[in-house]
Amino acid sequence: MLDTMPRLIPRKALFSNPERAMATVSRDGSRIAFLAPLDGVMNIWVAPVGDLAAARPVTRDTTRGIEFYVWCYAPNYILYIQDTDGDENWHLYAVNIENCELRDLTPFDGVHARLEALSPKFENEALVGINDRDPRLHDIYRIDILTGASRCIQRNDLDAAGFVADHDFRVRFALVAPPSGGTDMLERTESGSWELVMQVGPEDDLTTYPLGFDASCNILYMADSRKRDTSALTQIDLVSGEELELATDSRADAADYIIHPNTRRVQAVGFEYDRLQWQTLDESISEDLNRIRNAADGDFHITSRSLDDRIWLIEYENDQNPNLFYIYDRVRGELSYLFSNRPQLEEFGLSPMKTATVAARDGLDLIVYYTLPMQRSSAEPPPAVLLVHGGPWGRDSWGYEPHHQLLSNRGYAVISVNFRGSTGFGKEFVNAGNREWGGKMHDDLLDVVEWAITCGIADRDRIAIMGGSYGGYATLVGMTFTPEVFACGVDIVGPSSLNTLLESVPPYWEPMIAMFQTRVGDNSSDEGRLFLESRSPISRADSIVRPLLIGQGANDPRVKQAESDQIVNAMTEHGIPVTYALYPDEGHGFGRPENSLSFMAVTEAFLAKHLGGRFEPIGSDFDGSSITIVAGADQIPNLDESS
């Protein structure tokens with residue numbers, strides 16, 4: 001009976017701002033920083049180590065909130081990035097944590113800045129890539145953090161997608177994408193010219209790339225799949241030319257690294273197949289890792305270490321708990337609990353995330369994560385939501401995931417699959433997705449749906465498909481290519497036409513266009529455009545027969561608003577109902593928690609109407625949101641009752 005179901009977890013407990021997040025220790029080990037709300041907006045807070053109650057905000061952002069920051073080597077300074085309304089024109093800011101003085105280090109309109117390097121040898125400076133001269137290309141600037149003074153040290157005359165600098169702030173390598181695809185790695189000679197030293201073919205370009213230098217600036221670390229399937233950690237001695245393989249796993253790519261704060265030597269490598277596993281390279285930290293591994297449940301990451309290597313910040317990920325942060329005193333060998341990022345969830349029972357390996361129709365193994373309702377209203381299979389990750393060159397992972405928890409709490413099975421083209425499983429797996437958007441990549445989703453039905457995890461007649469970015473595209477493919485499979489769909493910033501998607505990439509992605517043409521399709525030829533059209537949901541919009549909800553940010557630089565507009569218009573022309581939520585202050589996804597809450601409120605009600613699960617009334621969850629229901633408001637239960 002329904003009254004045996006667990007109580008509803010409030011949306012705000014899952015999708016509002018976390019209480020605290022992203023904790024790191026300062027370089028001198030005296031303070032910690034973290035993100036936390038200030039007047040409802042995420043800002044940077046700083047506290048002395050051992051005195052969390054003394055934390056105070058050092059920034060006062062009032063709009064989108066801060067998502068990323070890093071401690072400088074300069075005492076008392078933190079760097080962070082911020083854009084405007086999701087446009088991804090990132091500015092780099094420096095804040096003095098003593099007096100909260102703020103400086104925009106890249107004060108240029110319409111410019112995309114990216115932090116390239118920091119070094120203890122130049123503690124008051126940073127290397128920053130800025131595309132102010134040419135929107136397609138980033139030149140490298142050396143910027144004084146204290147004054148904002150800058151000078152260009154590397155003009156990008158190579159059409160390089162990126163550069164690699166060492167700890168002496170020398171730009172050593174350029175990464176150039178040739179027209180044939182892949183990456184050419186060029187080394188700068190003493191005369192200032194560039195010499196080709198490594199060619200990475202298209203089959204390896206997502207799994208082979210430089211990671212950075214050790215402190216001597218003579219050892220270059222690489223993730224490298226050129227002589228193997230999965231990406232290994234390798235090192236190249238730039239003096240002798242000797243290359244060594246340091247760590248590899250036959251099933252998974254090198255995914256995470258523990259690096260000594262002074263020597264910059266890699267001490268351990270994380271490989272993630274279904275769960276994160278660490279290979280230790282430096283036995284001097286084996287005992288430390290064992291203590292950390294045994295201190296709390298879940299998979300752990302070391303977020304930062306003090307320069308004297310005494311204080312480590314540890315983050316634990318667990319499927320049934322929000323993320324937990326601990327301080328590790330390496331001298332004492334003691335771990336101390338710091339905080340949970342969402343302590344309000346501790347009063348609710350969260351559902352475990354299970355793992356499975358499912359064979360696709362051609363035998364390819366797919367890693368699946370699924371979460372079942374904690375209690376069911378009947379013995380029948382529950383309704384389900386297939387949650388498709390974005391990228392597609394990304395992956396799903398085990399751990400706490402808010403969509404899994406919210407939807408399973410509402411009575412749905414939630415299924416996430418690492419379909420071909422996902423990263424982390426070797427180059428053969430990722431290359432199996434080449435030009436398979438809407439093809440074998442979609443077949444993988446259908447095969448997992450069939451597996452879930454056969455196992456009793458999902459009710460065949462009550463399965464939704466939902467996702468963002470590539471996951472939004474997959475939703476539109478599900479609605480148009482296989483219109484009878486899914487009971488409904490939720491598309492968030494998904495492209496509807498692969499031709500217009502590739503025609504409108506941000507200018508600073510143009511040096512990588514050969515990669516998109518290899519992996520998605522070639523829009524430069526008539527034949528290629530016909531192929532891309534055949535894989536585009538817009539070409540089959542009149543096939544849609546099931547309810548569709550679309551969410552879009554008006555400032556999205558990757559998947560333009562036109563992608564959602566055009567399929568909504570096509571559906572409207574054919575008399576097919578669609579619900580369309582547009583956010584004028586968002587980009588590629590929803591950065592403001594008020595907007596995330598409002599869209600999840602609409603999504604809950606939409607899924608309840610078409611799958612039969614529970615939902616929390618919209619209530620006040622539109623407050624502060626910019627949501628505009630462009631079409632189909634009548635398709636959302638209780639929408640007119642929201643305040």
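The model is predicted, so local features need pLDDT of at least 70 and side-chain atom pairs count only at pLDDT 80 or more, while totals for chains, interfaces and linings use all residues. Residues are numbered from 1 along each chain as its sequence is written, and side-chain values use heavy atoms, with hydrogens and water left out.

**Cavities**

- Searching the whole structure turns up two cavities of 30 Å³ or more (a cavity is a set of points on a 1 Å grid over the protein atoms alone where a 1.4 Å probe fits but cannot get out; a volume is the space filled by probe spheres set on the points, which are joined across faces, edges and corners).
- The largest cavity holds about 40 Å³ of space, and its lining (residues with an atom within 4 Å of a point) consists of Tyr77, Ala94, Glu101, Arg103, Ile145 and Leu146.
- That lining has four nonpolar, no polar and two charged residues (Ala, Val, Leu, Ile, Met, Phe, Trp, Tyr, Cys and Pro count as nonpolar, Asp, Glu, Lys and Arg as charged, and the others, Gly among them, as polar).
- The second largest cavity holds about 30 Å³, and among its lining residues are Pro6, Ile9, Met374 and Asn409.

**Helix packing**

- Helices H5 (residues 440-454) and H6 (residues 470-480) pack at an angle of about 75°, their axes 11 Å apart (helices are DSSP runs of H or I, at least four residues, numbered from the N terminus; axes are lines fitted to C-alpha atoms over the stretch in contact, and angles run from 0 to 180 degrees between N-to-C directions).
- H5 and H6 are therefore roughly perpendicular (65 to 115 degrees).
- Met441, His442 and Leu445 of H5 meet Tyr470, Ala474, Val477 and Gly478 of H6 (contact means heavy atoms within 4.5 Å).
- This H5 contact with H6 involves five nonpolar, two polar and no charged residues.

Notes
On a 1 Å grid over the protein atoms alone, a cavity is a set of points where a 1.4 Å probe fits but cannot get out, and a pocket is an open set with protein on both sides within 12 Å along at least five of seven lines; lining residues have an atom within 4 Å of a point. Helices (H or I, at least four residues) and strands (E, at least two) are DSSP runs, numbered from the N terminus. Angles under 35 degrees count as roughly parallel, over 145 as roughly antiparallel, 65 to 115 as roughly perpendicular and the rest as oblique.
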